[in-house]
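Me: I would like to go through some of the labels attached to this structure and see what each of them rests on.

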Amino acid sequence: MSDVQNAMALLIGSFSKYAGREGDNNTLSKAELKELLHNEFGDLLGKATDKAAVDRLFEGLDTNKDNSVDFKEFIHMVTCLTVMCHGHFTKK
Ligand SMILES: [Ca+2]
Ligand SMILES: [Ca+2]
């Protein structure tokens, strides 16, 4: 697999790992999202794992308001963060 294909597979695998912890295997509950943020994005998001911050982020990500974060909603956050990182690393 190419690096990009590998990255895609890793994202799908990571999402599934957390989504499968409770309730629906295909979506993240708030608790699952918190775990994922804490373990996978810890240093990148800084204090984003505070309860209030997780509540805000969860509501922002859950665009169809079904009280869970599906893969499409999750990948939107990853895309935004990746664009931010890219901007940071390419700053002159
Ligand atoms: Ca779940
Ligand atoms: Ca949702």
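Me: In which helix is the place of Phe 89?

Reply: Phe 89 sits in helix α4, residues 71-90, where helices are DSSP runs (H or I) of at least four residues and strands (E) of at least two, numbered from the N terminus. The model is predicted, with local features needing pLDDT of at least 70 and side-chain atom pairs counting only at pLDDT 80 or more, while totals for chains, interfaces and linings use all residues. Residues are numbered from 1 along each chain, chains are lettered from A and ligands numbered from 1 in written order, and side-chain values use heavy atoms, without hydrogens and water.

Me: Why does Phe 89 count as exposed?

Reply: Its relative accessibility is 67%, and exposed means over 50%, buried under 20% and partly exposed in between, with a 1.4 Å probe and protein chains only; Phe 89 therefore counts as exposed.

Me: Which residues are the protein donors of the calcium ion (ligand 2)?

Reply: Asp 62, Asn 64, Asp 66, Ser 68 and Glu 73 provide them, at 2.2 to 2.5 Å, donors being N, O and S atoms within 2.8 Å of the metal, or 3.2 Å for Na, K and Ca. Both Asp 62 and Glu 73 are buried.
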